[in-house]
Amino acid sequence: MASTRGRVLTLLQNGEVWSGQELARQLNISRTAIWKHIETLKQDGYAIHTIPRKGYQLIEQSDRLDEPAFVSFRKGRFGQTVHAYEQVDTTQRIAHELAQQHVSEGTIVISEEQTAGRGQLGRHWHNPKHVNIAASIILRPDLPIRDASKLTLMAASAFARALNQQNLDVMIKWPNDLLLNGKKIGGILTEMQTEGDRIQAVILGFGMNVNGEEIPDELAHRATSLYLETGKRFRRSELLAELLAELEVEYDRFLESGFDPIRINWMQHAAYLNEKVTLNASRTSRTGVMRGISEEGALLLEEEGKVESVYSAEIAVWND
């Protein structure tokens, strides 16, 4: 029934007045069912005006991150099944549970708020209500375990390109951060479920700071939001649909053509390419010039004329 609400909302998105009869005809359900879906959408906060003897009109586009709103913008096969919540600890946990129930590839989990969101190195991700994107998608790639880490780079490449299409000059900080004007606006977290030496499922989680007007003082030097950088508010469900559409394209390219075209796309959005960087790993650090990423997804660091592959480290930028 929730998917039908999404289809109702899709028809109403053009702002025109739709009669209950025409909505019922379009969706092949009864006018009573249409009325029930309209009432539920109103209860969920959608500004739908009922005009006596004429029908229904969506009079205000709202910024909601829920199933009906996402379905009204959905473009491809990713997100055909949506599990939406008002508040969760993490979308990753729920997606892990769903993956173990053998749900289909492309199933997504979204939430208006995460209370225990995490990122690289287990850091807490600040995620207030109703302003950001918090999502996890279940992938089932036919890949060996050694290639799983490349999916993080694949997703970063896809998301950077999607945001560039929104006239946002987003760059990628190896391996999983998205930067705008040198500050973090999003990150990616991939986790695996395995069976033998093969991947059973990959849970690809991602968060994005979208419409937030404030960043906590302790994070203001390293994080920002799309709104703070542009002064523009984004409809999060529409933006999520754009992100998933590009992710689907890049994912299919990876499975069909291997990592090389992904690596080329990633390099086009790479932050600090051919610049001096310091890498922190465990209790050690090293400094050199970043020369890109290898065919295995490792960072290529040049030190004293010699290029080496670094598989696990963090580019030190914000001194924390």
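A residue is called buried here when its relative accessible area is under 20%, exposed when over 50%, and partly exposed in between (1.4 Å probe, protein chains only). The structure is a predicted model, in which local features need pLDDT of at least 70 and side-chain atom pairs count only at pLDDT 80 or more, while totals for chains, interfaces and linings use all residues. Residues are numbered from 1 along each chain as its sequence is written, and side-chain values use heavy atoms, with hydrogens and water left out.

Rings of Phe, Tyr and Trp (its six-membered ring) pair if their centres lie within 6.5 Å, with planes under 30 degrees apart counted as stacked, over 60 as edge-to-face and the rest as tilted. By this rule there are three aromatic pairs. One of them is tilted and joins Phe 78 to Tyr 251, at 5.7 Å centre to centre and 55 degrees between the planes. Phe 78 lies in the loop between helix 4 (67-73) and strand 3 (82-85) and Tyr 251 in helix 8 (residues 236-257), so the pair ties together parts that are 173 residues apart in sequence. Here helices (H or I, at least four residues) and strands (E, at least two) are DSSP runs, numbered from the N terminus. Phe 78 is buried at 2% relative accessible area, and Tyr 251 is buried at 0%. Phe 254 and Phe 259 make an edge-to-face pair, 6.0 Å centre to centre with 70 degrees between the planes. Phe 254 counts as buried at 5% relative accessibility, as does Phe 259 at 7%.
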